[in-house]
Amino acid sequence: MLEETLAWYVSGITFRGLDPKVLHIIKRNVLDSYAGICASLQDKEMVGRFERMTALTPTERGVGVWGLNRNGNTSDAFFMNTILGRRSDLVNTYMSPRRMGGCHPSDNVSLVLTMADWLDKNGQDVLTSTYVAYLLSCAFADYFNPEKNWYDHDAQAMFYLPLVIGFIMGFSIPQMTEAQRIAGMQGLTINQAAMGEVTDWKHCTYASRAMLALHAVKMAFSGFEGPKEIYEGEAGINRFIPHGARMLDPLPDLGSIIFKRWPALVFCQTPIDVAVEIADRVDDHRAIDHVEVQIYRKAIEEAAIESSYHPASRAGRTHSIPYCVAAALIKGTIEYSYFDNGFAEKEKGVDVLMQRIAVCEDIEMTKRFPDGSPCRIIVTLKDGTSISRYRDFPHGDPHGPLSDEEIEEKAHRYLSLITDGKSADSIIKRVWNMEREPSIDWLVAPLKQRVLE
């Protein structure tokens, strides 16, 4: 049975077995993901929700909740900390080369760091567990395609997260097997979070899976049993979600993960890059008459539907091509704060320009996705002048990856928002040598400090 095969495979993974090149990839991802978590801590409104949530069930024990300098029970802490792993939308992205599913592997870094802090794990533990999480999340994206049948892409996290959590906790093969079975009985998440008006729940879908996966692991540890053949049974998951022929054969290429330069949806990355290039040629955005964005169908389905022209939340704005392009053309760049309610209310020009943006499908571009993620933007000024720019991939794609130095700059930028520059430099240096660290207190301490006034 697949659940047994996966548990057996995961149980055999060790730090010593990691290839040096893969280890470096994992470090790049940890540092990049850490930057995204630090960026999310700017969101005082979200952290305020955490404070209200933890106040309902106060505890002196439990797990540290980031941004509060307070502990929460394990389920709450898992949920809240992993929200911060995605809230900034700087999460990296894996698109299956088999045209199956997709995922954000970096979601798992916040989970791994939370567990490592809770269980007092060392640097090698963190790196190995992160590898397990990345391998499984990408393998499940290669094997399952939830969105094709109207399930959220994080539906698959419900099944691989018990393996990740069980691995970190040192579970046996039978325990990890049962944890998957129990998790499977807790239901699949529907894709309504990405339909119509996008609310902030879009940043909570993985977190909700992490919370429930932890519960499944606890039940498996306690001796509860789930139904066998949770994947391949007559009413197993494979019946409801389209699946591939083989899993872990071959292993996913972790070097093909897309890193984000901008705090927005992956399908908005190339349009932002192109819009920023054009912004350098436009002296005054008020001179723009209309804009045409030519792009592939998947990007339109995800970020250029009717509600994308009237986003009412941070998640709605980060998932809107019209909004991202308008903001980039007006400001000449994209910052985390540009997706705040205050910015949207102040910069009225963004809403005005959005209504002048037409996003249309280019058939040839559609054929190239996911091997390519092209975009062309044509800006026509009121005097009739036309400015056009095109890109095949966003900066951060494996075809034009972020360098180690650029990832360091990204981490330093967001780390500096919650700690001083010298401390940021030290943390970055230690991540590159994490296997030598006996604990990760130094890494989670900045995240735990209170950010609310």
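Let's start with a pair of cysteines: the sulfur of cysteine 324 lies 3.9 Å from its closest cysteine sulfur, in cysteine 268, and that is too far for a bond. A disulfide here means a pair of cysteine sulfur atoms within 2.5 Å. Cysteine 324 is also buried, at 1% relative accessible area. By buried I mean under 20% relative accessible area, with exposed being over 50% and partly exposed in between, using a 1.4 Å probe and protein chains only.

A quick word on what we are looking at. This is a predicted model, where local features need pLDDT of at least 70 and side-chain atom pairs count only at pLDDT 80 or more, while totals for chains, interfaces and linings use all residues. Residues are numbered from 1 along each chain as its sequence is written, and side-chain values use heavy atoms, leaving out hydrogens and water.

The largest nonpolar core has 108 residues, and Leu113 and Leu443 have the most contacts inside it. A nonpolar core is a set of buried Ala, Val, Leu, Ile, Met, Phe, Trp, Tyr and Cys residues joined through side-chain atoms within 4.5 Å. Helix 6, residues 123-143, gives the most to this core, with 13 residues. Helices (H or I, at least four residues) and strands (E, at least two) are DSSP runs, numbered from the N terminus. Another core lies apart from it, with 48 residues, including Val291 and Phe369.

Take leucine 113 as a landmark. Setting aside neighbours within four places in sequence, leucine 113 is in contact, meaning heavy atoms within 4.5 Å, with Tyr34, Ile37, Trp66, Val126, Ile440, Leu443 and Val444. Leu443 and Val444 are among the buried residues of helix 20, residues 441-448. The cover over the buried residues of helix 20 includes helix 2 (20-40), helix 5 (107-119) and helix 19 (421-432).

Helix 11, residues 269-279, is mostly covered, with ten of its eleven residues buried. Among what covers them are strand 5 (288-295) and helix 14 (321-331).

Next, a helix pair. Helix 7 (residues 157-168) and helix 8 have axes that come within 8 Å and cross at roughly 145°. Those axes are lines fitted to C-alpha atoms, for helices over the stretch in contact, and angles run from 0 to 180 degrees between N-to-C directions. Which residues of the two helices meet? Helix 7 brings Met158, Phe159, Pro162, Leu163, Gly166 and Phe167, and helix 8 brings Met176, Ala179, Gln180, Ala183 and Gly184.

Helix 8, residues 173-184, also holds glutamate 178. That glutamate 178 is buried, at 15% relative accessible area, and touches Ala220, Phe224, Glu225 and Gly226, not counting residues up to four places away in sequence.

Most residues other than glycine have a negative phi, and most peptide bonds are trans. Aspartate 89 and arginine 99 each have a positive phi of about 60°. Are they buried or exposed? Aspartate 89 is buried, at 3%, whereas arginine 99 is partly exposed, at 48%. As for cis peptide bonds, one runs from aspartate 249 to proline 250, with omega near 5°, and another from phenylalanine 369 to proline 370, with omega near 10°.
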